[in-house]
Amino acid sequence: MQKTSTTTARVATKTVQTLSGARPPADNALKGITTLFDTRAMSERFSNWLSPALGALASCEIEYVRYKPQTNCLICYILTFTTASNDTIEERSYAKLFTHSDYADACHKLSAKRWESHDSAAPTYLLEQEKAILYRFPNDTALKGLRTLTTPKRLQRILYQNLADYPKVTWRISDSKLNLTVASYKPERRAVLHIATKATNRSTAEKRPLSIYIRFYSDERGQTQIDCLKTLQTEHNSSDSLLTPQPICYLPEDRALLAYSIPGISLEELSTHNDIIHYTELTAKALATLHNTTANIFPSISHNQLVDQLRQELTTTTEYICSLVPEAQETASTIYSNLIQYLDKLTIDIGLTHGDFHPGQVIYQDEHIGIIDFDRAKNGPQLADLANYIANIRQLPEDNATSSISEIEDALTTFYESATTTNIDKQELSFWIAYKLFNMAVTPFRKCTPNWRASVSNILEQANNELQHTSLPSPSQKSTIFNKATNIDYVTPILQSHLSKAVGFDIQIAELEIPRAFVKSIDTTLIQYVISLKHATTQQLNNVIIYGELDPTQQGNNTDYINELKMTLRIFPHDTHLRELTNCFKSHSGPLWFKSTDFILNDSQMAFTAQEVHSYRQGKRCVMRGLIKGHLNKQLSSNSVYLKLSRPRYTARALAAQDVINMTIHGNNKEHFTLANILFTNIARGLIITEAVNAPTLYTMLKTHSKAPSASESFKHIESACHKIGVLLRNFQSGAVPIDIPLKTYTAEQEIDMLKQKVAQTSLLTPKYAQQLKQAFVSLENYQPKTNTDSAALSHRDFYDKQLFIESNKITLIDLDTLSLADPFLDTANFLAHLTLRGNQELLSKLQHSKAQEHFINGYYQQSKNSNTTNQSDSMIQLNWWYKATMLRLATLYALRPKWRHLTQQLIDDSHAGLPCQLLALQTCN
């Protein structure tokens, strides 16, 4: 038999066409890779194997390549055979190349598989010299359903069982005329086959064509896909702008999905048509309809999870390109750095996305547009669909085009904007186009196109140009350093190395968080790092708080300076302004962060031992929760306390504020309002000890609610708490201020001055938002309300959910450091703005945060006779202005917080929008 095969092969290869041959990457672990890429050499192998059964091999073409350097390589071939009767047979086979050790294991597993063999040719073929195995379609090691569902009789039986419109008693579905063609095939991943046959009515002899696609998967993705198609059919069934494939069934045993095809012509074929702009308009409207799908088809994904995924994809692509085309390493690395740099700046509008949207996935049918192939659909960045389409049309030839690529791009974005009534952020679109082009750069290799190396370099150049000619801001030195210092992946190894050198032994960073950053001066920014440290020897875990002080204007001249970041480290508890803080910690040998807190309070009669650092702001204050040892006073009902250290003048101010509250409304408040019970003070040491409040804050309730199994029940408690807080705030503001305790007055003019400084400082570090922050500020500045000192009331000035402890019979307010006289709507708006923020953070739904705001306003106006404002129209304007000001302030703060930076755009938009009309109307009615 081997002799016959060899003879046949010599005859067949005389006329064989070898297509898509390309020089493979060098790989010393896969020595047979050269042969597998050589289509002439592979033609000889295929002839030896298949020609005796099928006829002479006329052509051999590489269709698809998947390659893991130093591990394996998989190549799919399209083979064309000519029979003795001059008929043409097209076959697919794939070769899988192994390392020397893996090849033996793969050969051993062959005997455990059941293979299809429909003629005299063997289903598999060993290439011993190359360490590769050839698999004949439909045999596939991962797509088991593919091997059994290519039998016409079985397909006929499945169609009878699942086509509701074609019952077997009424219709006859032909198996003899059933034509099965391969639409796409990626071995061991996915196969798409087209079924074309006819159904004949047994009574009337009516004939109907049947056109069905069957998709095979290597995993359980098919179940998710049919659920997706069913949902899209339900929601868009009556849509004039979007057609989606009608699902038939999913066969879990075979991992196969069947769906009706959408008849028509793909836009890839119509790309040079005279009416391409018209087709593009229809495509944009269809995509907008898809993006506006309201049903939750796929699991939600957070912004941080998405950014992590994108970062990982970029890393993988970069490594792949560098291994394939070493000469493109510098270009690929530059593009990678630029994309990573801008990744954290993106707002990223997350919603239903197609995931692989390009002209080949769009079908034109009688003024309707169908979108197919939802295998990569998910919740993700919707702008990426547009970018992917644009990146793909840039690869189409323009030889016979009646419209240029740029005209098609402009039409697509313009019509999409019109259909969605939103403005596309051109900067973000440019980012996504560059991102998609970068990921597409490996496609020429995977398709094994001739001169694929040059094609890879060409696409990389397109991506690089897209980044360079866009209007994405070129970051200043300050913003560049800030981005590095707030990039956890970048900063972790640097901090770990620096801290190990500082203490003299190796430590490991088990976890690192960056909860906040703020501008200290025009040249200095403070970044807070909360680090879980692991001692390399003892494996002891300790948390340490570190402040990085960024100052690009300075050069390092001490051991606490990190040159790569232009940053000086300030390690807790060292604080030049809170000197008493260092005394809280044991000072014997070893780094302070591995020591416990042991603070002597009063002549060694009592001591404080910290359990946790509750909050810390360098140079301002530190709050620790812990236990008191020894006798304190008779007021102590529990030995669990809060110890607050601050500068002496801040301590004096906080105590004076406490006195103001005690002399005005504390004790007479019918709504069970209270303050934390002070147990011990020492102004000279900047020390206040209060009894711990064993109740959750409203913020804690919101976080718990977002994870609660019974969300409706937990939200009732939140609504009740918001109503009580509204009553509390009105009573708080209604108190008469003692004339012998002067309080500072805070005005709208001071708010504007503060915002002006914050906008300027934030714009330096996040230039992406500079223009938008400035526009929001100018709007506030132009419409600031006049200050009426007669209407000034007690103002907490930091009144929000983290300052309010909620118990069943009382609410405890904390942190009175900023107590002032101010417009009463300052605190009101601050609380409402933070509820909006919690909605943006997904602790509350949009409806819930509006309901919570309504309950707060109803409580606030419960005793309207106590209102300090008389003109309802003026009060509505004032409340709205302070709300907008608060949202802008939050935007400047959260733009500097890595975890929540993605909310910045929404906060700016909320500042422009102001309070919803229904809330302002509710305020007016009250």
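## Close-up views of a predicted model

**View 1. The side chain of Asn 830 comes to 2.9 Å from the backbone oxygen of Phe 799.** This is a predicted model, and here we zoom in on a residue that sits in helix 24. With a relative accessible area of 2%, Asn 830 counts as buried, because the cut-off for that label is under 20%. Skip the neighbours within four places in sequence, and Asn 830 still has Asp 798, Phe 799, Tyr 800, Thr 886 and Arg 889 in contact with it.

**View 2. Helix 24 packs against helix 25.** Two numbers describe a pair like this: the angle between the axes and the distance between them. Helix 24 covers residues 825-840 and helix 25 covers residues 846-860; their axes are 9 Å apart, at an angle of about 165 degrees. That makes the two helices roughly antiparallel, because angles over 145 degrees get that label. The crossing of helix 24 and helix 25 is right-handed. On the helix 24 side, look for Thr 828, Phe 831, Leu 832, Leu 835, Thr 836 and Gly 839. Facing them from helix 25 are His 849, Ala 852, Gln 853, Phe 856, Ile 857 and Tyr 860. Sort the residues of this contact by type and you get 7 nonpolar, 5 polar and no charged.

**View 3. Helix 10 packs against helix 13.** Helix 10 runs over residues 329-343, and helix 13 over residues 426-440. Here the axes are 11 Å apart and the angle is about 140 degrees, which means helix 10 is oblique to helix 13. The crossing of helix 10 and helix 13 is left-handed. Helix 10 brings Ala 332, Ile 335, Tyr 336, Leu 339, Tyr 342 and Leu 343 to the contact, while helix 13 brings Phe 431, Ala 434, Tyr 435 and Phe 438. By type, the residues of this contact come out as 10 nonpolar, no polar and no charged.

**View 4. Ala 286 is buried in helix 8.** Helix 8 takes in residues 276-291, and Ala 286 has a relative accessible area of 0%. Leave out the neighbours within four places in sequence, and the contacts of Ala 286 are Ser 241, Leu 242, Ile 369 and Ile 371.

**View 5. Thr 413 is a buried residue of helix 12.** The helix spans residues 405-420. Thr 413 shows a relative accessible area of 9%, so it falls under the 20% cut-off for buried. Not counting residues up to four places away in sequence, Thr 413 touches Ile 390, Ile 424 and Leu 429.

**View 6. Asn 731 is a buried residue of helix 21.** Helix 21 consists of residues 711-734. The relative accessible area of Asn 731 is 14%. Asn 731 and Leu 794 are 63 residues apart along the chain, and their C-alpha atoms are separated by 9.8 Å.

**View 7. The whole protein chain, for orientation, has 28 helices and 34 strands.** Of its 926 residues, 54% are buried. Take the contacts with a separation of 6 or more, and 68% of them join residues 24 or more positions apart.

Methods: Residues numbered from 1 in each chain as written. Predicted model: local features only at pLDDT ≥ 70, side-chain atom pairs only at ≥ 80, totals over all residues. Heavy atoms only, no water. Axes fitted to C-alpha atoms, helices over the stretch in contact; angles between N-to-C directions. Helix = DSSP H or I, 4+ residues; strand = E, 2+ residues; numbered from the N terminus. Parallel < 35°, antiparallel > 145°, perpendicular 65-115°, else oblique. Left-handed = near helix turned anticlockwise from the far one by under 90°. Contact = heavy atoms within 4.5 Å. Nonpolar A, V, L, I, M, F, W, Y, C, P; charged D, E, K, R; others polar. Buried < 20%, exposed > 50% of the residue type's maximum accessible area, 1.4 Å probe, protein only. Polar contact = N/O pair within 3.5 Å; in protein donor to acceptor, adjacent residues only side chain to side chain.
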